[in-house]
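This briefing covers salt bridges and sheet architecture. The sequence and the structure come first, and the notes follow.

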Amino acid sequence: MTSSIIDLTHPLTAGMQVHPGDPQVRVAPATSLGNDGVAVHSLHLGTHTGTHLDAPSHSINDGTTVDALDLERLFAPVHLVDSTSLARPGRRITVADVASQLSEIAPGSIVLFRTDWSERFGRPDYLDHPDLDAAIAALLLVAGVRVVGVDTLSPDRTGSGATPAELPFHEAFLGAGGVIIENLNRLAAIDTAKHPWLSALPLPFTGLDGSPIRAVAICRDS
């Protein structure tokens, strides 16, 4: 049996799209091979840049910080939910929309919602993504799911009509100790994979609320 690795991560580049109000990404040389014998760059970016995860402390008082997350949760089998037919600007995806795909979730799975909205990453309309009803968070928690991922900027609304203080999915899922992965890329690449696993490991920033990740799917080829 062989396996392949599929990268589900947006590249990190200077000036890339970030959540409105987040720090802009800047990259600058600190030393060079010619002058110093080694190349080193300085980085300026937020903890929620690009493909990243939200620890509970992102929106929950006294929530778990990124360095204290259980890494075993972040390397687990994938349960992929195909929501591409529902992917319209500002569309709220409800339990009724995806109930048939959530009926047999193994506890401990990482549930990923595929909308293919990642194809718009970097464009203004990426902000007007579909979002997930908070009732989906409740259903997943009852099923024993503690990690959920989306190929959009957030499982909550971001663009037109969004209220910054209203993060119902975050409040429900992170409030129960869950982890949210945002800005995943190329979920179509694992749509037909056999029993894919996801590795979504963060950097252990002490006491912080999130981290960019290198999200990769490990898929069996046979």
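Asp125 and Arg123 form a salt bridge, with 2.7 Å between the closest N and O atoms; the term stands for a side-chain nitrogen of Lys or Arg within 4 Å of a carboxyl oxygen of Asp or Glu. The model is predicted, so local features need pLDDT of at least 70 and side-chain atom pairs count only at pLDDT 80 or more, while totals for chains, interfaces and linings use all residues. Residues are numbered from 1 along each chain as its sequence is written, and side-chain values use heavy atoms, with hydrogens and water left out.

**Salt bridges around Asp125**

- Asp125 also forms a salt bridge with Arg120, where the closest N and O atoms are 3.3 Å apart.
- Arg123 is partly exposed at 40% relative accessibility; buried means under 20% relative accessible area, exposed over 50%, and partly exposed in between (1.4 Å probe, protein chains only).
- Asp125 is partly exposed at 24% relative accessibility, and Arg120 is partly exposed at 25%.

**Salt bridges around Asp131**

- The structure holds eight salt bridges.
- One of them joins the side chains of Arg92 and Asp131, at 2.5 Å from N to O.
- Arg92 belongs to strand β6 (residues 92-93) and Asp131 to strand β8 (residues 131-132), so this pair ties together parts 39 residues apart in sequence; strands (E, at least two residues) and helices (H or I, at least four) are DSSP runs, numbered from the N terminus.
- Asp131 is buried, with 0% relative accessibility, whereas Arg92 is partly exposed, with a relative accessible area of 32%.
- A network of salt bridges links Arg92, Asp131 and Arg157.

**Sheet**

- An open sheet of nine strands runs in the order β1-β13-β11-β5-β7-β9-β10-β4-β12, with mixed pairing; two strands pair if DSSP finds at least two bridges between them.
- The edge strands are β1 (3-7) and β12 (210-212), each with a single partner strand, so one side of each has no neighbour in the sheet.
- On average, neighbouring strands of this sheet are turned by 25 degrees against each other, direction ignored; axes are lines fitted to C-alpha atoms, for helices over the stretch in contact, and angles run from 0 to 180 degrees between N-to-C directions.
- β1 pairs with strand β13 (residues 216-220) in the antiparallel sense over five bridges.
- Val216 in β13 is the bridge partner of Asp7.

**Helix on the sheet**

- Helix α4 (residues 168-175) packs on the sheet and touches β4 (52-54), β9 (147-150) and β10 (179-182); contact means heavy atoms within 4.5 Å.
- The direction of α4 makes about 135 degrees with that of β10.
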